[in-house]
Structure formats: structure tokens, C-alpha cells
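Subject: Structure for your review

Dear colleague,

Please find below the structure that I am passing on to you, together with its sequence.

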Amino acid sequence: MSNPVDIPKELTQARATIDNIDAALVHLLAERFRCTQNVGHIKAKYGLPPADPKREEQQVARLRALAEESGLDPTFAEKFLYFIVTEVIRHHQVIKEEYDTTETQ
């Protein structure tokens, strides 16, 4: 392996698997955000707050348990969930503002 261009076949295969997983993650996140957008519209329609701390707490506990079962660091899973939830709440706030503006016109 004196030439840095000579990449072992097994490394190329492992990277291809990672690329496929990354693509699947992006598609899953896109689908998740489509679902949470719908939740945001439902919340706005019924005057519910954009954030639901009790639900978030339940989700953290559930995902930490899933992470442990899967051999993933539960702290990482929690941080990842909070990253997503923060963005979801931001979207819900925008939807609520748009809904409130539409309702008052």
C-alpha cells in the first residue's frame, strides 16, 4: 500500500454502505419532518402550544431505551433527539404564527 490512491476494496465497500445509510437517514428525516409539519398544523388549528415538554420527556426516555437495546450511546441519542425537536418546535412556532395571522385577517 505504498500508493495512497490504492484504497482497499473492503474500505470502498464499507464506505459505500455508510453512504447508503446516510441517504436512508436523510430520507427518513425528511419523512419525519413531513409528519411533524402535519402535527404543527393540527396544534395550530386547536390552539395547542408548539412545544410539548411532557411528550418530549417521554420520547427521550423511549429513545434512550431503544439506543441501549441497539448498542448506541443513549446520551448521543438524547442529544440527537433534542437537536431534531428544537427544529420541529421552531417549525411549529412558524406554523402557529402563520395560522394566527390567517385567522385574524
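This is a predicted model: local features need pLDDT of at least 70, side-chain atom pairs count only at pLDDT 80 or more; totals for chains, interfaces and linings use all residues.

Helix α1 and helix α3

Helix α1 covers residues 9–45 and helix α3 covers residues 74–104. Their axes are 9 Å apart, and the two helices pack at an angle of about 40 degrees. That angle is why α1 is described as oblique to α3. The handedness of the crossing between α1 and α3 is right-handed.

On the α1 side, the contact is formed by Leu29, Arg32, Phe33, Thr36, Gln37, Val39, Gly40, His41, Lys43, Ala44 and Lys45. Their counterparts in α3 are Phe80, Leu81, Ile84, Glu87, Val88, His91, His92, Ile95, Lys96 and Tyr99. Sorted by class, the contact of α1 with α3 comprises 10 nonpolar, 6 polar and 5 charged residues.

Helix α2 and helix α3

Helix α2, residues 53–70, also packs against α3. The axes of α2 and α3 come within 9 Å and cross at roughly 145 degrees. This crossing, too, is right-handed. From α2, the residues involved are Glu56, Gln59, Val60, Leu63, Arg64, Ala67 and Glu68. From α3, they are Pro74, Thr75, Ala77, Glu78, Leu81, Tyr82, Val85 and Ile89. By class, the contact of α2 with α3 holds 9 nonpolar, 2 polar and 4 charged residues.

Leu81 of α3 is listed both in the contact with α1 and in the contact with α2.

Two residues of helix α3

His91 is found in helix α3 and is among the residues of that helix that meet α1. Its relative accessible area is 19%, so His91 counts as buried, the cut-off being under 20%. Apart from neighbours within four places in sequence, His91 is in contact with Phe33 and Gln37, both of which belong to the α1 side of the contact described above. The side chain of His91 also makes a polar contact of 3.4 Å with the side chain of Arg90.

Phe80 lies in helix α3 as well, and is likewise among the residues that meet α1. With a relative accessibility of 39%, Phe80 is classed as partly exposed. Phe80 and Val60 are 20 residues apart along the chain, and their C-alpha atoms are separated by 9.9 Å. Val60 is one of the α2 residues in the contact with α3.

With kind regards

Methods:
Residues are numbered from 1 along each chain as its sequence is written. Side-chain values use heavy atoms; hydrogens and water are left out. Axes are lines fitted to C-alpha atoms, for helices over the stretch in contact, and angles run from 0 to 180 degrees between N-to-C directions. Helices (H or I, at least four residues) and strands (E, at least two) are DSSP runs, numbered from the N terminus. Angles under 35 degrees count as roughly parallel, over 145 as roughly antiparallel, 65 to 115 as roughly perpendicular and the rest as oblique. A crossing is left-handed if the near helix is turned anticlockwise from the far one by less than a right angle, and right-handed if clockwise. Contact means heavy atoms within 4.5 Å. Ala, Val, Leu, Ile, Met, Phe, Trp, Tyr, Cys and Pro count as nonpolar, Asp, Glu, Lys and Arg as charged, and the others, Gly among them, as polar. Buried means under 20% relative accessible area, exposed over 50%, partly exposed in between (1.4 Å probe, protein chains only). A polar contact is a pair of N or O atoms within 3.5 Å; within protein, one must be able to donate a hydrogen and the other to accept it, and residues adjacent in sequence count only if both atoms are side-chain atoms.
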